[in-house]
Amino acid sequence: MAITDCGGTRATLLMCVFAFIISVCKAHAAAPAVYVLGDSLVDVGNNNYLPLSIAKANFPHNGVDFPNHKPTGRFSNGENAADFLAKKIGLPTSPAYLSLIGATPPITGVSFASGGAGILNETGGFLFKQAISLAQQVDYFTVVHDKLVHQLGPSGAQAHLSKSLLLIVFGSNDWFAYFRVGSIVAKQYTPQQYVDRMVSTFKVLLKTLYGLGARKLVVTGVGAIGCCPIQRKENRTGECKVEINYWSTKYNDGLKMMLQGLKSESPGMNYAYFDTYGAMINLFQNHETYGYTEIKEACCGVGNLNADAPCTPLAIYCPNRKNHIFWDLYHPTESVASLFSDLIYSGSQQFMVPINVEQLLAV
Ligand SMILES: *[C@@H]1O[C@H](CO)[C@@H](O)[C@H](O)[C@H]1NC(C)=O
Ligand SMILES: *[C@@H]1O[C@H](CO)[C@@H](O)[C@H](O)[C@H]1NC(C)=O
């Protein structure tokens, strides 16, 4: 009888199939949401809404490899690390917070990332006139948290956030601000004082996020930013700038220690740290193994190493983006963002400490 019932009505069968697909899809997402805080490496369009910012990418040739060649505000020829990470988790890319214009944020997460943003409030203004600093992004996260409490109730919001990932990508711009010509902060602080200031500011803000219920943090260190085209062109030999790389590693050391300390004083908190610096150096050294033939010059830009000007419609761009490490004067190609996302998600302890994202999702 039961067999005839199920096989007998096509509608029932379809409903069975549907229910099965839905349950599989739901089970597939390894976290309910991804909240992104960061800079241009993960900006998916917030800066399009900042009237004063000169860090913009919502015009060609950005997005040349995006569906329909669409420039979106991503500082990339295609997708960035936030897109790839969301995909791996089984979620849509978290949309730009400012694009929501007051609407209820999707339950699968939001992105506060802003090109030019720093850990320190003043960084974005120094470099690009306007950006959403880490502190401001945490303020926005607080707004989203309050909406979640309204939607799901306090315990519902807590359960949701405790399983969600927070992707936090910061630090490069603070160093660009420190080492730029005519830097005011370099007159005020020694590099070591600046490291301490960055790390302690970061810690206070991570504690705020923890207080709001965040439990799973994915934090990236600063990369070998002295090797990006805009820095290399300042070295006569075309090699990396040594000082900014050195202080980036010093900062990363401080960051790693801070995260360890924070975990030990924050019950239930876990993190996955990505050694962006190490991964970049490894990529430069073994670039041919990974299929990259051009490691110095930006794909899109103007002049020396295509790093005299950003990627705009007036710039030239390379025919093969897959063999370039850098898309423009600061940013990696989509291909490198994808490679690094693989490492972040499931890479070994060579670059992911103490655990990778796959393991972080399982705790
Ligand atoms: C940084 O900006 C935030 C607002 O986003 C403010 O609350 C905080 O006091 C500022 N921090 C410093 C050190 O000025
Ligand atoms: C330029 O590159 C060379 C070779 O790596 C390095 O020894 C030198 O310190 C670099 N110069 C600067 C200003 O970073």
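## Ligand 2

In this predicted model, an oxygen atom of ligand 2 lies 2.4 Å from an N or O atom in the side chain of N235. The side chain of T237 also has an N or O atom at 3.3 Å from an oxygen atom of ligand 2.

N235, T237 and V242 are among the residues around ligand 2; E239, C240 and K241 complete the list. By class, this shell has 2 nonpolar, 2 polar and 2 charged residues.

## Ligand 1

The residues around ligand 1 are N121, A135, Q136 and D139. The side chain of N121 has an N or O atom 2.4 Å from an oxygen atom of ligand 1. For D139, an N or O atom of the side chain is 3.3 Å from an oxygen atom of ligand 1. Ligand 1 taken alone exposes 370 Å², and the protein buries 32% of that.

Sorted by class, the shell around ligand 1 consists of 1 nonpolar, 2 polar and 1 charged residues.

## The second largest pocket

The volume of the second largest pocket is about 280 Å³. Its lining is made up of 14 residues, and F176, F179, R180, Q231 and E234 are the ones nearest the centre of the pocket. By class, the lining divides into 9 nonpolar, 1 polar and 4 charged residues.

At least two lining residues come from each of α4 (123-128), α6 (172-179), α9 (229-232) and α10 (242-265).

## T72

T72 sits in the loop between β1 (34-38) and α3 (81-89). Is T72 buried or exposed? Its relative accessibility is 16%, so T72 counts as buried, the cut-off for that class being under 20%.

The side chain of T72 makes a polar contact of 3.0 Å with the side chain of R74.

Terms used
Residues are numbered from 1 along each chain as its sequence is written. Chains are lettered from A and ligands numbered from 1 in the order in which they are written. This is a predicted model: local features need pLDDT of at least 70, side-chain atom pairs count only at pLDDT 80 or more; totals for chains, interfaces and linings use all residues. Side-chain values use heavy atoms; hydrogens and water are left out. A residue is near a molecule or strand if one of its heavy atoms lies within 4 Å of it. A polar contact is a pair of N or O atoms within 3.5 Å; within protein, one must be able to donate a hydrogen and the other to accept it, and residues adjacent in sequence count only if both atoms are side-chain atoms. Ala, Val, Leu, Ile, Met, Phe, Trp, Tyr, Cys and Pro count as nonpolar, Asp, Glu, Lys and Arg as charged, and the others, Gly among them, as polar. On a 1 Å grid over the protein atoms alone, a cavity is a set of points where a 1.4 Å probe fits but cannot get out, and a pocket is an open set with protein on both sides within 12 Å along at least five of seven lines; lining residues have an atom within 4 Å of a point. Grid points are joined across faces, edges and corners, and a volume is the space filled by probe spheres set on the points. Helices (H or I, at least four residues) and strands (E, at least two) are DSSP runs, numbered from the N terminus. Accessible areas come from the Shrake-Rupley method with a 1.4 Å probe; for residues, only the protein chains shown count as cover. Buried means under 20% relative accessible area, exposed over 50%, partly exposed in between (1.4 Å probe, protein chains only).
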